[in-house]
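Hi,

Here is the structure I said I would pass on. Have a look at it first, and then read my notes below.

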Amino acid sequence: MTDTVRGPFIVIGENIHATRVLLRNGARVASLPDGRPALPFIDDDGGAQLLPVPGTALEGAGEKQKVKHVKAAVLAGLAGGADAALGRGYVRFLARRQAEAGADYLDLNVDEASNDVDGRVAAIRWLVAAVEDATPAALALDSSAPEVLHAGLAAAARSGGAPLLNSASLERLDVLDLAAAEGCAVVLGASGEHGMPASAAERVANATRIVEEATRRGMALSALHVDPLVLPVAVEPEVGAWFLEAVRTLRATYGPEIHLTGGLSNVSFGMPLRKLLNDVFIGLAAEAGADSGIIDPVASDLRHIFAQDREARAQTLAANLLTGRDPFGMEFLTAFRAGELA
Amino acid sequence: MADLEALAAAIEAGDRATAKAITQAAVDEGMDPTSVLDAMTRAMEVIGNRFQCNEIYVPEMLISARAMKEATAILEPVLTAAGIKPEHTAVIGTIKGDLHDIGKNLVAMMWKGANIEVVDLGTNVSPEAFVAAAKEHGATLVGVSALLTTTMVGMKDVVAAVRADLPGVKVIVGGAPVTAEYAASIGADGYAPDAGSAVDVAKHAVGMT
């Protein structure tokens with residue numbers, strides 16, 4: 001946990017996801033002597049290793065080719081054989097990086113490791129076993145499939161405590177039942193039964209209903225991480241302001257026990273300078289009363305974020321965009337193109 | 001005479017006041033509405049290409065599309081009176097069980113910009129609803145979006161339902177978890193990785209030039 005001015009901030013480290021990509025030509029992808037891509041990492045004993053990337057973990061071709069690096073490790077692990085230990089070593093390396101950067105939870109998501117449920121169930125079992133004892137951090141199981149959450153829970157030794165389940169919502173109350181039965185903390189999304197909330201009030205209303213559902217199941221407020229939903233400001237200029245207002249209202253309503261969180265990096269989708277926007281938004285969220293975030297602590301250093309100069313031009317323009325004061329980012333994009341935000 | 005180059009530039013810049021003024025002038029002058037529409041469609045094509053090259057960002061694509069939408073509304077009565085209709089109609093929606101509609105909305109917007117009539121079925125659309133709407137509107141294209149791997153699997157049911165009932169209708173799929181390989185494996189007619197390329201993919205699928 002990293003201390004903010006308001007208190008501790010819980011980091012749900014979001015980067016052990018099968019969706020994650022690296023550029024083939026980027027610094028984190030090397031080549032084997034035969035030209036195949038490989039992922040360099042440091043193993044448990046401090047040795048430099050290379051994980052060969054299977055073709056099924058590549059996306060696109062040429063200059064823009066990407067490597068789905070977590071998927072590569074999961075596939076290597078599941079395939080068995082010579083590369084299985086390398087796959088395991090690679091995800092343990094990622095876990096250590098997340099924990100060393102401040103992750104309190106390691107958010108594991110294998111939904112894109114396989115197109116069928118059996119494949120995803122096998123993948124989460126393997127991944128839980130591979131990373132659980134690599135760091136002191138607890139696990140967060142992140143899936144849109146209940147079967148995957150069940151399988152992940154069954155595989156967990158719970159050495160770092162019961163896993164956090166990510167996530168339940170009004171349309172997925174079964175996950176809430178599972179969390180209550182298993183003694184897990186849970187992320188509660190504020191989506192409604194029929195769609196995404198289109199205002200701060202709707203976020204608060206949905207959140208209030210799902211918190212009631214959790215309380216009715218005997219769960220303590222301290223086991224709840226309520227996510228009022230972060231969506232891209234590139235598409236809906238008010239959405240950052242809605243999130244922040246919902247956080248302020250929920251904090252005022254429920255007091256200090258409940259956790260308020262969000263997939264904070266969603267806010268910057270479709271814009272340039274995503275790291276700047278993410279970092280400023282994390283600061284704004286914490287200030288509004290969020291004490292938890294589904295973020296990548298390797299990319300977003302909280303100590304740096306909470307100490308950033310809020311008056312600097314880049315931070316000011318980012319905050320304007322994120323709070324709806326620069327609709328469609330015209331000012332932000334103009335400054336970006338003029339090289340004023342670098 | 002209304003300056004269609006300036007109209008295209010206004011659409012590209014997302015300047016809706018200018019775009020509407022020039023369109024109104026063109027209508028008042030009795031200019032051929034097809035040429036006015038073509039100027040706007042070409043501008044949106046430029047926007048789509050720039051987006052694919054990361055030269056512009058999502059909000060800029062959005063304001064260009066909005067400028068075109070408002071200008072097209074002025075042109076609409078003239079087009080209707082002349083019996084000019086888009087050559088192709090698409091029905092679009094997110095897959096059953098999926099409420100995430102950002103990608104779908106962007107694609108719908110860009111298809112409209114390419115002068116494809118778009119019927120937006122919203123979110124959580126069943127295979128039967130896709131087929132029924134495609135029939136009702138005489139669609140040649142069905143666009144299906146998914147953000148979750150758990151819902152993505154329902155795309156093959158949409159493809160199957162369209163194949164069974166509507167031979168010749170093309171199914172385009174997209175969304176974060178969808179890949180070209182997956183699209184091919186379920187027999188979809190096209191896969192669009194983003195809203196910019198969705199136009200080219202749709203045009204290619206129905207043989208538009």
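How many residues of chain A are in contact with chain B, and how many of chain B with chain A? Keep in mind that this is a predicted model. On the chain A side there are 27 residues in contact, and they meet 23 residues of chain B. Between them, the two chains bury about 2000 Å², with carbon and sulfur atoms giving 65% of that area. In chain A, the residues that lose the most area to chain B are A:N115, A:V235 and A:F328, which together make up 25% of what that side buries.

Helix α11 of chain A (residues 330-337) gives the most to the side that touches chain B, with 4 residues. Sorted by class, that side of chain A has 12 nonpolar, 6 polar and 9 charged residues. Across the interface there are also 5 residue pairs in polar contact.

You'll find A:S144 in the loop between β10 (138-142) and α4 (146-155) of chain A. Is A:S144 buried or exposed? A:S144 counts as buried, because its relative accessibility is 15%, and the cut-off for buried is under 20%. Its side chain makes a polar contact with the side chain of B:T150, at 2.7 Å.

Cheers

Note on methods
Residues are numbered from 1 along each chain as its sequence is written. Chains are lettered from A and ligands numbered from 1 in the order in which they are written. This is a predicted model: local features need pLDDT of at least 70, side-chain atom pairs count only at pLDDT 80 or more; totals for chains, interfaces and linings use all residues. Side-chain values use heavy atoms; hydrogens and water are left out. Contact means heavy atoms within 4.5 Å. Buried area is the accessible area (1.4 Å probe) that two parts lose on being put together, summed over both. A polar contact is a pair of N or O atoms within 3.5 Å; within protein, one must be able to donate a hydrogen and the other to accept it, and residues adjacent in sequence count only if both atoms are side-chain atoms. Helices (H or I, at least four residues) and strands (E, at least two) are DSSP runs, numbered from the N terminus. Ala, Val, Leu, Ile, Met, Phe, Trp, Tyr, Cys and Pro count as nonpolar, Asp, Glu, Lys and Arg as charged, and the others, Gly among them, as polar. Buried means under 20% relative accessible area, exposed over 50%, partly exposed in between (1.4 Å probe, protein chains only).
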